[in-house]
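Colleague: I would like to learn how to read a structure like this one. Can we take the features in turn?

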Amino acid sequence: MKLLIDSNALCHQAKFSVGNLDYESQATGVIFGFLRQLLKLSQLYPNSDFIFCWDSKTSLRKKIYPEYKANRKKEKSPEEEEFDRISYAQFDLIKTDILPKIGYRNIFEYEGYESDDIFASITHHYLNDNIVIVTSDEDIYQLLFPDVSIYSPSKKAEYKFEHFVKEFDIDPDDWVNVKAIAGCASDGVKGIEGVGEKTAIKYLKGALSTDSRLYKKIVSDESRRIIRRNIKLVRLPYSNTPIPEIVSDELSLNNFMSVCQRYGFNSILQPKELNKWEECLRLG
């Protein structure tokens with residue numbers, strides 16, 4: 001089984017749970033929290049291959065829609081800015097130093113693309129494999145297939161193809177059309193005004209009266225323009241996303257212990273605890 005990991009999201013989760021930890025005046029909380037989540041995932045999905053997908057710091061979507069994710073920016077205090085700086089430095093350490101040091105080889109980031117795009121590229125290319133996408137992002141619903149499910153770290157629950165069909169009574173392929181019509185509030189993508197997801201689903205199922213005001217609004221020329229624009233923003237993967245080449249990991253117990261020693265994770269290095277990590281993460 002392949003676990004496709006929303007690595008930025010896991011880092012953010014660690015940031016807000018144990019982000020204040022440090023060792024000898026060096027911030028370590030995001031690193032520690034991230035590793036702990038890898039252990040939990042390996043216990044949930046034994047013998048799985050971890051594939052780490054990262055968001056680029058730039059966005060190709062902003063070139064066609066400058067408002068994309070602009071709603072996420074907010075004023076921060078100097079203390080919050082400093083906490084962010086310290087935390088994001090650990091994001092980069094995890095990606096460029098710690099995971100490679102342990103022996104993980106499938107670490108992917110592409111300029112202009114998001115982890116969601118990498119999920120989609122891998123999922124479409126390796127469709128016959130069993131895949132679990134580790135994310136709490138509902139945009140990923142469009143990638144659900146019988147052999148592809150989603151594990152939400154925030155909900156601590158797995159969401160499968162059949163769960164989606166039961167909840168929405170449409171095929172996951174149609175989710176991109178739902179988001180194109182209704183918009184995506186979390187990404188700042190505006191849909192057709194006054195049309196939410198439930199109405200969009202009714203329209204796609206042919207259950208919305210053709211005489212209704214909302215139906216006529218959805219099929220108007222202006223709304224069709226909005227839908228065409230939004231399709232480009234919400235469909236995964238974004239145009240020309242590279243297809244990652246997945247290779248075998250070269251995991252090392254000694255290197256893992258070296259990382260723990262460097263960052264003062266002494267609780268992990270206790271024999272009983274270390275044995276658990278060695279077994280679950282398949283450290284050689």
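Colleague: How many bridges join β1 to β6, and do these strands run parallel or antiparallel?

Modeller: Strands β1 and β6 run parallel and are joined by four bridges. As one example of a partner pair, Leu 4 is bridged to Ile 133 in β6. Keep in mind that the model is predicted.

Colleague: Which strand is joined to β1 by five bridges?

Modeller: That is β4, and the two run parallel. Lys 2 stands opposite Asp 49 in β4, and Asp 6 has Cys 53 as its bridge partner there.

Colleague: In what order do the strands of the sheet come?

Modeller: The sheet is open and has six strands, in the order β5-β4-β1-β6-β7-β8, with mixed pairing. The strands at the edges are β5 (107-108) and β8 (157-159); each has a single partner strand, so one side of each is left without a neighbour in the sheet. On the β5 side, two bridges connect β5 to β4 (residues 49-53), and this pair runs parallel. Cys 53 is opposite Phe 108 in β5.

Colleague: Which helices pack on the sheet?

Modeller: Helix α1 (residues 7-18) does, with contacts to β1 (2-6), β4 and β6 (131-134); the direction of α1 makes about 60° with that of β1. Helix α6 (residues 161-168) also packs on the sheet, where it touches β7 (148-152) and β8, and its direction makes about 75° with that of β8.

Colleague: Next, burial. Are the faces of β1 covered or open?

Modeller: For a strand, ask about each face separately. Both faces of β1 are covered: Lys 2, Leu 4 and Asp 6 are buried on one side, and Leu 3 and Ile 5 are buried on the other. That makes five of five residues buried in β1. In β4, four of the five residues are buried, so the strand counts as mostly covered, with buried taken as under 20% relative accessible area.

Colleague: How many residues of helix α7 are buried?

Modeller: Seven of its eight residues are, in a helix that spans residues 175-182. The buried ones are Trp 175, Val 176, Val 178, Lys 179, Ala 180, Ile 181 and Ala 182. Their cover includes α6, β9 (183-184), α8 (197-204) and α10 (221-234). Just after α7 comes Gly 183, with a positive phi of about 85°.

Colleague: Which residues have the most contacts inside the largest nonpolar core?

Modeller: Ile 133, Tyr 141, Phe 164 and Phe 168 do, in a core of 48 residues. Helix α7 gives the most to this core, with six residues. For a view of one member, take Tyr 141: leaving out residues up to four places away in sequence, it touches Ile 150, Tyr 159, Phe 164, Phe 168, Pro 172 and Trp 175. Another core, of 39 residues, lies apart from the largest one and has Ile 31, Ile 102, Tyr 104 and Leu 274 among its members.

Colleague: How many cavities of 30 Å³ or more does the structure hold?

Modeller: Two. The largest cavity has a volume of about 60 Å³. Its lining consists of Arg 61, Tyr 68, Glu 114, Asp 116, Asp 139, Asp 187, Leu 233, Val 234 and Leu 236.

Terms used: Residues numbered from 1 in each chain as written. Predicted model: local features only at pLDDT ≥ 70, side-chain atom pairs only at ≥ 80, totals over all residues. Heavy atoms only, no water. Pairing = 2+ DSSP bridges. Contact = heavy atoms within 4.5 Å. Axes fitted to C-alpha atoms, helices over the stretch in contact; angles between N-to-C directions. Buried < 20%, exposed > 50% of the residue type's maximum accessible area, 1.4 Å probe, protein only. Core = buried A, V, L, I, M, F, W, Y, C linked by side-chain atoms within 4.5 Å. 1 Å grid on protein atoms, 1.4 Å probe; cavity = no way out; pocket = protein on both sides within 12 Å on 5 of 7 lines; lining within 4 Å. Points joined across faces, edges and corners; volume = space filled by probe spheres on them.
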